[in-house]
Amino acid sequence: MSETSAPATATTGVPPTGADDPATDPRRHRSLTGDIAQRFALVGCWIVMIAAFGAALGDTFLSWSNFGNMFSSQTVLLVLALGLIVPLTSGDFDLSVASVLTMTGIVIGLLNVNHGWSIWAAIVVALALALTIGLLNGLLIVLFDVDSFIVTLGSSTVLAGVALWVSGGATITGTSEVLSNLVIVDQLFGVSLQFYYGLVLVGLMWFVFEFTPAGRRLLFVGRGRSVARLSGVKVNRVRVYALVASAGMAGLAGVIFTGTTGGADPTSGATFLLPAFAAAFLGSTTIKPGRFNAMGTLVAVYFLVTGITGLQQLGADTYVQQLFYGGALLVAVVVSSVVRKRRARV
């Protein structure tokens, strides 16, 4: 609008009317208002939800200790969801993240507890294994042109079996207290340090997605691989790197989970898969609607945990958690699809 109105003014000397002036154009004003409402609708719902649970539960819900517990307890989910949005942005699914999380914990437990390795050496080996799994996933997908959904589903199943095999199906307990201290015991302002690790990672992801060529290439590949390839982007390389990054962050989530529990369970990681996808897709409906983004994922994770925590404190049964996560995923996928199509038409 501004590009067309400015020359007309210069030619005629007549000031722009309200319909032509970007500052007063009602259509543009409505569009800007709608855009802001769309960006922050989930944040508004989150605030309303907190107010509603606060009114129903009083100080039990609104206490700092309750919020500190919610902030501290969801870092594993947050890191896993942040890892997921990398391949999702480039157009690939990674269903193996939960099994990578589990496998990382099992490796740390075996090396540290059963074989006496230092916790740091065990973590390095576990993360190297996670990155290798991501690399294998990526190579299988791009070299054999197989759907990422199928490849990562298969690798997830294999990893789940290997985790049960090497652990004997038993929980490994007694990992080094050094890790537990750095993850959950040591606190700042009454919140475990793991929460701040998650915030740092969100900031890093936001910077990469918004201000680096790598972030732009991810988005470009996700919007259209053929166009990206014709533009000189090494599409297959970007997709492989995205899956390696996803697996690496799933490994990091496994390290945090091991520090949180003080051990490794060969089956517990699977419980994170559905909530992680729900958070990733729900996050794509806010802050940067239509795009998977780190800030939106942060809001989505704590929106979901606020709902679950409030319902549990109201006495809801445990199955409500699955209903909440599943419902959130369905709604988020539909809303995300609608937003993307609408923005594509603009």
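1. The structure holds one cavity of 30 Å³ or more, where a cavity is a set of points, on a 1 Å grid over the protein atoms alone, at which a 1.4 Å probe fits but cannot get out. The volume of the largest cavity is about 30 Å³, a volume being the space filled by probe spheres set on the points, with grid points joined across faces, edges and corners.

2. This is a predicted model, in which local features need pLDDT of at least 70 and side-chain atom pairs count only at pLDDT 80 or more, while totals for chains, interfaces and linings use all residues. Residues are numbered from 1 along each chain as its sequence is written, and side-chain values use heavy atoms, with hydrogens and water left out.

3. The largest cavity is lined by Leu101, Thr102, Gly105, Ile106, Phe257, Thr258, Ala264, Asp265 and Ser268, lining residues being those with an atom within 4 Å of a point. Two or more residues of this lining come from each of helix H6 (97-114) and H13, helices being DSSP runs (H or I, at least four residues) numbered from the N terminus. H6 gives the largest share, four residues. By class, the lining has four nonpolar, four polar and one charged; here Ala, Val, Leu, Ile, Met, Phe, Trp, Tyr, Cys and Pro count as nonpolar, Asp, Glu, Lys and Arg as charged, and the others, Gly among them, as polar.

4. Helix H7 (residues 119-143) packs against helix H13 (residues 235-261) at an angle of about 150 degrees, their axes lying 8 Å apart; axes are lines fitted to C-alpha atoms, for helices over the stretch in contact, and angles run from 0 to 180 degrees between N-to-C directions. H7 is therefore roughly antiparallel to H13 (over 145 degrees; under 35 is roughly parallel, 65 to 115 roughly perpendicular and the rest oblique). Residues that meet (heavy atoms within 4.5 Å) include Leu127, Leu131 and Leu135 in H7, and Val240, Leu243 and Val244 in H13. The residues of this contact divide into 14 nonpolar, six polar and one charged.

5. How do helix H9 (residues 177-185) and helix H10 (residues 193-211) cross? Their axes come within 5 Å and cross at roughly 75 degrees, so H9 and H10 are roughly perpendicular to each other. Leu182, Val183 and Ile184 in H9 meet Leu193, Gln194 and Tyr197 in H10, a contact with five nonpolar, one polar and no charged residues.

6. Helix H14 (residues 273-283) and helix H15 (residues 294-313) pack with axes 7 Å apart, at an angle of about 125 degrees, which means that H14 is oblique to H15. Among the residues making the contact are Pro275 and Leu282 of H14, together with Phe303 and Leu304 of H15. Its classes are eight nonpolar, three polar and no charged residues.

Definitions and conventions:
1 Å grid on protein atoms, 1.4 Å probe; cavity = no way out; pocket = protein on both sides within 12 Å on 5 of 7 lines; lining within 4 Å.
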